[in-house]
Amino acid sequence: MVLETSCLWNDTCPRIAYLITTEAAQARSQELAYLCEGRTPAPGEEWSAELPGGQIVQLELFTEHEAMVERLEKRRVDAVLLDNRTVEPISAFSDTLAGRALPELLAMSALGRKLARRSVFVILPEAATTPHHAYAVGSLQLGGILLAPMPLERALAAVVRTVRPKDPGKVALCCAGGGIEGMLYELGVGLALDERLVNRSITDFDIFSGISAGAIFCAFLANGIRPSEMVEIVHGRTSRLEPLSRAVLFDPNVTELLSRGWAAAGDLLKGKFLSQPIEAAMKILPNGAFAGDKLRWYLERQLTKPGLTNDFDQLKKELYIGTTDQDTGEHITFGEEGLRDVPISHAVRASAAMTPYYPPEQLKGRYYIDGIFTRTINLDVAVASGARLIICIDPLRPVQVDEAGYVSDRGGFFNSVQSVKSMIRTRFSELRSRAEEAYPDVTVFEFSPSAKDMEHMSGTMMRFFYSPQTIDLAYRSASEIIDRDYEYLSSALRSHGFELRRP
């Protein structure tokens, strides 16, 4: 049944790109005519149709995969249906319509052009070659295989049920580390995304998973504190939270320094500086330049205010804080089952214990440091908790310039920061590229700084002095990403009950 074009390519009906050979389209002209005003649609034609059960879909017909790929570069679809049924059987899968189209479609997916493997479906004919072709398709981890004989309308209905399930799963926000500057970047991105949601907030998401700086951001979000309120405290103004000052972040680690100095004096008297000079000298250095006590106390004060909670079990949302056990090198996630009996403020302080800035946090008899040393972002935790839409914010990206020696000329500290950012970014990129294969039913959307953004966000990760500029830069950068990928992101959010404002 054909509908009026008032529904054509709107934001609510599932969009499906349908690829079939010209000969097969002619052979199935009656099926196509039933879905398109009693006539066979022309290649490239768009129309809306009603499937059994009243489901409305928006269809576009293609008979050449090159034309379909070109269209998909510019327009988001919910699914791609490749009809591999032919008039004459084809023995080699690579010679079939799907065999020729899939390499280009999967290349689009690998390049992050918003076409997930799970959104690609293949109809296979009833033929002797079907088992071999099914094996070839199955190895690619696509959305599914549909076996003939099957009416086209039933195939379309099966595709819609897969890409638009009744239970879409949970929405998660996963935030990586990046020091104070990274937290400011995440705050700017969160502000942009929060403002674009219609009558909703990112605090309405189901899961918050943070590491290091992202742990601070997520702990407040899970408590219902919106990004706009956090912007106020960074600017030194009071909202529901107290202002976040430099004194809170940079409290000198005097106590440990004195303690180690006293111990060094004892070693000197015992003659250890003569027998083991290097080892004795290294023990003088504290574990961190800043104590981190004021940060823990600040978090504890805020999270125990009326309406907020410092208890994982009291939260209405799921919160996961990633840390590293310093002595075993194991990644530990507080908030998981069996790891919820510590205050959120202490777990966050442990997650943010990046050496050489902050010393380890002692919890339950163990010493914990920054979670970023063992994991960039906790995608696995979000997926295991039922997330099917994951929005990632990763502020750590190395400076990228063509000028040779740019990094080297800026000294050893800049070199070290660049090396750390490169290592962590590479690890995240590898994780991101594997995510689609590991979780074919999960949509992952990423916000991260561009190369131009990193010209500003370079050097130390602990810069607090340029907070307004960093927040503004991240806000504008995130707004551009939302506008650029509006169709894809709005569709993903809408399936979970969130409406995104148009550019």
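Colleague: Which residues lie nearest the centre of the second largest pocket?
Modeller: Arg118, Thr162, Val163, Asp441 and Thr443 do, out of a lining of 27 residues. A pocket here is an open set of points on a 1 Å grid, fitting a 1.4 Å probe, with protein on both sides within 12 Å along at least five of seven lines, and lining residues have an atom within 4 Å of a point. Please keep in mind that this is a predicted model, in which local features need pLDDT of at least 70 and side-chain atom pairs pLDDT 80 or more, while totals for chains, interfaces and linings use all residues. Residues are numbered from 1 along each chain, and side-chain values use heavy atoms, without hydrogens or water.

Colleague: How much space lies in that second largest pocket, then?
Modeller: The space in the second largest pocket comes to about 560 Å³.

Colleague: And which element gives the largest share of its lining?
Modeller: That is helix 20, which contributes three residues. Helix 20 (486-494), helix 6 (152-163) and strand 13 (387-393) each supply at least two residues of the lining, where helices need at least four residues and strands at least two. By class, the lining has eleven nonpolar, eight polar and eight charged residues.

Colleague: Switching topic, how many cavities turn up in the whole structure?
Modeller: The search finds five cavities of 30 Å³ or more, a cavity being a set of points from which the probe cannot get out. The second largest cavity has a volume of about 110 Å³, and among its 13 lining residues Met183, Ile216, Phe220, Ile233 and Leu244 lie nearest the centre. Helix 7 (179-196), helix 8 (213-222), helix 9 (227-234) and helix 14 each give two or more residues to that lining.

Colleague: What classes do the residues of that lining divide into?
Modeller: The lining of the second largest cavity has 13 nonpolar residues, with no polar and no charged ones.

Colleague: How many residues has the largest nonpolar core?
Modeller: The largest nonpolar core has 77 residues, and those with the most contacts inside it include Phe220, Leu319 and Phe447. Its members are buried residues joined through side-chain atoms within 4.5 Å. Apart from it lies another core of 27 residues, among them Ala24, Ala25, Leu81 and Val160.

Colleague: Last one: is Thr309 buried or exposed?
Modeller: Thr309 counts as buried because its relative accessibility is 13%, and buried means under 20%. Thr309 sits in the loop between helix 14 (293-303) and strand 9 (318-325). Leaving aside residues up to four places away in sequence, Thr309 touches Asn223, Leu303, Gln314, Leu315 and Ile344, with contact meaning heavy atoms within 4.5 Å.

Notes
Grid points are joined across faces, edges and corners, and a volume is the space filled by probe spheres set on the points. Ala, Val, Leu, Ile, Met, Phe, Trp, Tyr, Cys and Pro count as nonpolar, Asp, Glu, Lys and Arg as charged, and the others, Gly among them, as polar. Buried means under 20% relative accessible area, exposed over 50%, partly exposed in between (1.4 Å probe, protein chains only).
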